[in-house]
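I looked up each item in turn.

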Amino acid sequence: MALPIEDTWLRQAALAYVIALYDELSEENGAPTLGTQNQAVDFILADSELRRAVAAWARDGAIDEASTAPPRRLPQDGLYDRVRAYLEEIMERPLFATPGPRGP
């Protein structure tokens with residue numbers, strides 16, 4: 001369980017990061033379910049290293065401003081690796097996912 005973080009800007013930054021990463025992982029244009037969002041944001045906010053990394057990402061990416069530029073890919077760094085691994089653990093499988101190989 002994450003410690004209560006009252007910094008609304010940091011929560012917004014963590015949520016923006018989670019949504020951007022979900023877009024890359026799921027190849028869908030949308031946000032993960034609320035439960036997945038909340039778990040991933042809490043995962044980031046519970047770790048001081050991840051909080052600092054997501055804050056730096058948000059400052060560089062100007063998350064509060066609209067843009068017509070194409071979206072930038074997330075940097076492949078420690079923040080990306082840790083949050084990606086966590087998201088892959090908790091993400092719901094798409095309803096119409098391609099089934100895996102069948103056994104003999």
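At what angle do helix α1 and helix α3 pack, and how far apart are their axes? I worked from a predicted model. I found that α1, residues 8-26, packs with α3, residues 48-61, at an angle of about 80°, and that their axes are 9 Å apart. Angles of 65 to 115 degrees count as roughly perpendicular, so I recorded α1 and α3 as roughly perpendicular to each other.

I next listed the residues at this contact. From α1 I noted W9, L10, A13, A14, A16 and Y17, which meet R51, V54, A55, W57, A58 and R59 of α3.

I then turned to a second pair. Helix α2, residues 34-45, packs with helix α4, residues 78-90, at about 150°, with the axes 10 Å apart. The crossing of α2 past α4 is right-handed. On the α2 side I listed T36, Q39, A40, F43 and I44, and on the α4 side R82, V83, Y86, L87 and I90. This contact of α2 with α4 has seven nonpolar, two polar and one charged residues.

Is Q37 buried or exposed? I located Q37 in helix α2. Its relative accessible area is 10%, so I recorded Q37 as buried. A polar atom of the Q37 side chain lies 3.0 Å from the backbone oxygen of P32. Leaving aside neighbours within four places in sequence, I found Q37 in contact with L15, V18, A31 and P32.

Methods: Residues numbered from 1 in each chain as written. Predicted model: local features only at pLDDT ≥ 70, side-chain atom pairs only at ≥ 80, totals over all residues. Heavy atoms only, no water. Axes fitted to C-alpha atoms, helices over the stretch in contact; angles between N-to-C directions. Helix = DSSP H or I, 4+ residues; strand = E, 2+ residues; numbered from the N terminus. Left-handed = near helix turned anticlockwise from the far one by under 90°. Contact = heavy atoms within 4.5 Å. Nonpolar A, V, L, I, M, F, W, Y, C, P; charged D, E, K, R; others polar. Buried < 20%, exposed > 50% of the residue type's maximum accessible area, 1.4 Å probe, protein only. Polar contact = N/O pair within 3.5 Å; in protein donor to acceptor, adjacent residues only side chain to side chain. Parallel < 35°, antiparallel > 145°, perpendicular 65-115°, else oblique.
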